[in-house]
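Dear colleague,

I am handing over the structure below, and after it you will find my notes on what turned up. Please read them alongside the coordinates.

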Amino acid sequence: MADELPLEETAGPIPEDCLAVVRHLWDLLDDQLTDAQAERLRRHIGECEICHRYHLYQETFLETLGAYRSQFGAPSRVKARVLESLREAGFVESR
Amino acid sequence: MRGHSLAADVTLHPLHARDQDERFEQEALPWLDDVYRFALSLTRDETDAEDVVQDTFLRAYKSWHTYEPDSDCRRWLFTICRNVFLRAREKERTTVELVDSEVDVIATSTLFFEAMRSGYEDLHARVDLAPALADALAKLPEPFRSTVLIVDVEDQPYEAAAQVLGVPIGTVRSRLFRGRRILQEQLLAFARDAGLAKQGAPTEGQPHG
């Protein structure tokens, strides 16, 4: 519950460890950190409830973006058009 | 400049050509959906995207002999696709890119706290955002859109995005930061407009207490 969290703290300076999470969480989720950096960030995320929630928020956001891929592709007319232009260039399909 | 086409450079024995066609069919054509999505993200127009996709595969086919077997065919096609697009719209090449990472850091955390306070913290998990996401992606300005598309939607590593976009990896990172933040702003605005706050969340505009 948001009410149980010290949200008023966000009106002041963000603690340095939390700021590191905001700065580098996407690096962590994108596998761009060294093992040591990742471990340090994960440790803080495991200890800080707000950062844990921030982690979940960003993780589900990236999952939403990733899922978008499977939701649409090229219309059949585009596939037909590409194949037609390839055939004109000499392409022969296997079947 | 040489005055003859690429296709004229390559004269293949019919059997060899058949083998090349088979490889093209097996390795390049399966990425048509991915190239279309990428082209659509660049052009933001279905008709233009179709032209770009057609030209991409035609160029890919004609330069198939330059494709290195077992390398990343999708990355190769994305690079061709982006070049086709840029040639068609030279102005995109000169887009001014201003990214202030600290501004983005603060804005991203502020956005999260806003979402948390107003009942949207679990928005991405709770609501089907696909239609809103399509709209948000279409509105996302370049060069952030193509970067988000390659890395987040097409699941390519930073290195691939850097290669396709012709920029350093650090630029990919900063573009992603900005692009994702803008997308989150738009999804949050969509959720607010649609009244999708979690039940029991504080009413927007009320002081938190």
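Read from the N terminus, the elements of chain B follow the order α-α-α-α-α-α-α-α-α-α-α, which amounts to 11 helices and 0 strands (helices being DSSP runs of H or I with at least four residues, strands runs of E with at least two, both numbered from the N terminus). This is a predicted model, in which local features need pLDDT of at least 70 and side-chain atom pairs count only at pLDDT 80 or more, whereas totals for chains, interfaces and linings use all residues. Residues are numbered from 1 along each chain as its sequence is written, chains are lettered from A and ligands numbered from 1 in the order in which they are written, and side-chain values use heavy atoms, with hydrogens and water left out.

Of the 209 residues in chain B, 49% are buried, that is, under 20% relative accessible area with a 1.4 Å probe and protein chains only. Among the contacts in chain B (heavy atoms within 4.5 Å) with a separation of 6 or more, 72% join residues 24 or more positions apart.

Turning to the interface, 54 residues from chain B and 46 residues from chain A take part in the contact. The two chains bury about 4900 Å² between them, 64% of it on carbon and sulfur atoms; this buried area is the accessible area (1.4 Å probe) lost on putting the two parts together, summed over both. Across the interface of chain B and chain A there are 10 salt bridges, each a side-chain nitrogen of Lys or Arg within 4 Å of a carboxyl oxygen of Asp or Glu. One of them pairs Arg77(A) with Glu46(B), whose closest N and O atoms are 3.4 Å apart.

One residue of chain A deserves a separate note. Asp30(A) sits in the loop between helix H1 (16-29) and helix H2 (35-47) of chain A, and Asp30(A) counts as buried because its relative accessible area is 15%. Its side chain makes a polar contact of 2.9 Å with the side chain of Arg180(B) (a polar contact being a pair of N or O atoms within 3.5 Å, where within protein one must be able to donate a hydrogen and the other to accept it, and residues adjacent in sequence count only if both atoms are side-chain atoms). Setting aside neighbours within four places in sequence, Asp30(A) is in contact with Leu62(A), Tyr158(B), Leu176(B) and Arg180(B).

With kind regards

How values were computed
Buried means under 20% relative accessible area, exposed over 50%, partly exposed in between (1.4 Å probe, protein chains only).
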